[in-house]
Amino acid sequence: MLRVGFTSLHVPFRSWPRSTVKYFSRSAPGRPSFFTRTLTSSTLGSRWTHGSLTRSRSISSAATKEVVSSEQLGVTEPKVHSDIPIANADECKVSILWGPQRWSRFHHIWLRDHCRCPDCFHPITKQRLLNTFEIPADIKPLHVQGSTDGLEVVWPGTSTESHSSVYPWTWLQANTYDPALQTTPTRKVLWGSKIEKSPPSVTYTEVIDDKGLHKWLTNVETFGFCFVSGVPATPEATEELCERIGFIRETQYGKFWEFTADLSKGDTAYTTMALGAHTDNTYFTDPCGLQLFHLLSHTEGSGGATLLVDGYYVAALMKELHPKFHDLLSRVSIPAHAAGEPSALYTPSPPAMYPPLRYHPRTKELVQIRWNNDDRSVMSHLLPDEVEEWYQAIKIWNELLTKPDSEYWVQLSPGTVLTIDNHRVLHGRSAFDGKRRVCGAYIGIDEYRSKLAVLKEKFDGTHNNGENKVWRPEDSRSIWNSYL
């Protein structure tokens with residue numbers, strides 16, 4: 001029997017690589033030493049290891065029955081100066097010391113479940129092969145050590161074979177849960193009316209290339225919108241541009257749409273009326289992610305300026321100036337409908353589940369603005385003591401949306417396509433007269449995010465998490481990609 005920290009494991013020597021057994025001890029009660037001792041079946045030597053630092057001293061086989069401290073062995077634990085983190089294992093978890101006061105713990109069953117060797121995780125399809133439900137609840141590693149590749153773990157397998165796993169250090173850091181990872185919010189630039197001095201834009205010739213497409217979508221992620229200039233003023237060129245991002249989302253307005261003020265569809269967009277700042281598709285369970293507009297022509301009239309408002313900027317203002325009402329708009333859901341077409345009647349499912357301001361439940365980061373007062377349905381689910389406060393809250397919200405400092409007005413012209421993040425930026429227009437012809441499309445949020453993620457892989461290289469390329473087929477996505 002060998003003692004491993006405070007645990008006991010019956011381990012046959014023949015199951016260990018090179019006839020060695022590695023385990024962890026504590027140099028003082030309650031304090032992990034984070035150093036390993038190696039026992040060999042032939043010499044039963046004792047060795048403290050950390051990276052390339054080693055000191056060894058032979059001990060008798062009788063001494064191996066109890067944990068022997070380095071002080072008893074006459075060995076001074078070396079000072080840590082390697083870049084390799086220190087790992088330690090106990091009954092339930094593997095602990096990793098990243099640096100002073102920085103550590104993570106991972107349950108054994110969690111680590112075993114996340115092995116990404118070719119037997120457990122398909123290197124091409126990126127799908128799990130391991131049967132999670134066959135992992136013993138009390139599984140413990142046979143062997144744990146740090147290396148330049150990452151955390152190396154040997155698991156019990158069959159009666160004659162063990163199973164080896166390697167977890168890159170950067171991947172473990174990115175996925176630590178004990179303690180929980182302190183995430184950095186996605187970098188976004190909040191803006192008001194002064195954005196007119198230098199709005200984000202790219203050229204049509206740029207976005208034909210993937211590098212330009214990356215710049216375009218990164219601008220949308222950062223600012224919530226971006227212009228593409230120099231686009232041929234035709235529906236065909238505009239549709240082709242939309243498809244550079246992903247599949248066009250078909251709705252009751254069609255797939256790729258082209259409209260004038262003829263009320264051919266039952267929506268005020270098909271009129272000459274002014275439209276206040278709003279997001280589209282509040283009546284969908286899953287509103288579109290991106291919206292693209294291209295003014296093809298405007299003759300025999302004037303007006304029709306485009307309005308943009310950064311919903312994240314206004315939400316930040318409201319949270320700072322009116323926290324109570326901000327909280328109300330992040331809690332109270334608003335039902336919505338699209339009922340202008342006799343052949344269609346859209347409401348979200350469930351109908352009253354989505355507030356105007358949606359925050360991530362774990363990171364508390366604002367992730368979606370969902371606001372169109374024109375499409376709002378009956379507020380019959382309000383609590384009696386919240387009715388007056390709710391009306392006060394949406395009034396303040398509207399006042400902040402319509403402040404001159406919040407509004408960015410721009411007159412679109414043929415050849416310039418406007419791309420909007422419909423989960424962040426509200427849009428509207430001024431009234432107009434004459435003949436105004438506009439085309440555009442919706443792109444799903446998942447299609448947009450997928451394309452941006454692929455482009456980040458290609459140009460940023462930020463999602464591979466220190467992959468072990470031994471298990472990565474050529475030209476394949478890393479198995480340690482942060483999205484997987």
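**Sheets, strands and ring pairs in a predicted model**

Leu-142 is a buried residue, with a relative accessible area of 18%. That value puts Leu-142 in the buried class because the cut-off is under 20%. Leu-142 belongs to the loop between α2 (108-113) and β10. Pro-156 sits 14 residues away from Leu-142 along the chain, yet the C-alpha atoms of the two are separated by 6.4 Å.

The loop with Leu-142 leads on to β10, and β10 belongs to an open sheet of three strands, laid out in the order β10-β11-β12 with antiparallel pairing. At the edges sit β10 (143-146) and β12 (162-167), each of which pairs on one side only. From one strand to the next, the twist averages 15 degrees. Between β10 and strand β11 (residues 151-156) there are four bridges, again in the antiparallel sense. Within this pairing, Val-144 faces Val-153 of β11, the two standing opposite each other.

A second open sheet is also built from three strands with antiparallel pairing, this time in the order β7-β8-β9. Its edge strands are β7 (86-89) and β9 (102-107), and each of them pairs on one side only. Here the twist averages 20 degrees from one strand to the next. Four bridges join β7 to strand β8 (residues 93-99) in the antiparallel sense, and Ala-87 has Ile-96 in β8 as its bridge partner.

Next comes strand β24. Five of the five residues of β24 (residues 425-429) are buried, so the strand is largely enclosed by the rest of the structure. Both of its faces are covered: Val-425, His-427 and Arg-429 are buried on one side, and Leu-426 and Gly-428 are buried on the other. Two pairings of β24 can be picked out. Strand β19 (residues 306-310) pairs with β24 over five bridges in the antiparallel sense, with Leu-307 standing opposite Gly-428. Strand β17 (residues 275-278) also pairs with β24 in the antiparallel sense, over two bridges; there, Leu-275 has Arg-429 as its bridge partner.

Helix α6 (residues 235-243) has buried residues too, namely Pro-235, Ala-237, Thr-238, Leu-241 and Cys-242. Looking down the axis of α6, these buried residues fall within an arc of 165 degrees, so they line one face of the helix.

Gln-291, in strand β18 (residues 290-299), is buried with a relative accessible area of 3%. Its side chain makes a polar contact with the side chain of Asp-280, at 2.9 Å. Asn-372 sits in the loop between β21 (366-369) and α9 (387-401) and is buried, with a relative accessible area of 12%. The side chain of Asn-372 reaches the backbone nitrogen of Asp-374 at 3.0 Å.

Finally, the aromatic rings. Searching the whole structure turns up 16 aromatic pairs. One of them joins Phe-225 and Phe-227 in an edge-to-face arrangement, with 5.7 Å from centre to centre and 85 degrees between the planes. Phe-225 and Phe-227 are both buried. Phe-225 also pairs with Tyr-408: the ring centres are 6.0 Å apart and the planes are at 50 degrees, so this pair is tilted. Phe-225 lies in strand β14 (residues 225-229) and Tyr-408 in strand β22 (residues 407-410), so the pair ties together parts that are 183 residues apart in sequence. Phe-225 and Tyr-408 are both buried.

Elsewhere, Phe-106, Trp-110, Tyr-167, Trp-171, Tyr-177 and Trp-480 make up one aromatic cluster. Rings also meet arginine side chains. Arg-116 has its charged end over the ring of Phe-121, 4.4 Å from the ring's centre. Likewise, Arg-370 lies over the face of Tyr-354, at 4.3 Å from the ring centre.

Terms used. Residues are numbered from 1 along each chain as its sequence is written. This is a predicted model: local features need pLDDT of at least 70, side-chain atom pairs count only at pLDDT 80 or more; totals for chains, interfaces and linings use all residues. Side-chain values use heavy atoms; hydrogens and water are left out. Rings of Phe, Tyr and Trp (its six-membered ring) pair if their centres lie within 6.5 Å; planes under 30 degrees apart count as stacked, over 60 as edge-to-face and the rest as tilted. Buried means under 20% relative accessible area, exposed over 50%, partly exposed in between (1.4 Å probe, protein chains only). A charge sits over a ring if NZ of Lys or CZ of Arg is within 6 Å of the ring centre and within 35 degrees of the ring normal. Two strands pair if DSSP finds at least two bridges between them. Axes are lines fitted to C-alpha atoms, for helices over the stretch in contact, and angles run from 0 to 180 degrees between N-to-C directions. The arc is that of the directions from the helix axis to the C-beta atoms. A polar contact is a pair of N or O atoms within 3.5 Å; within protein, one must be able to donate a hydrogen and the other to accept it, and residues adjacent in sequence count only if both atoms are side-chain atoms.
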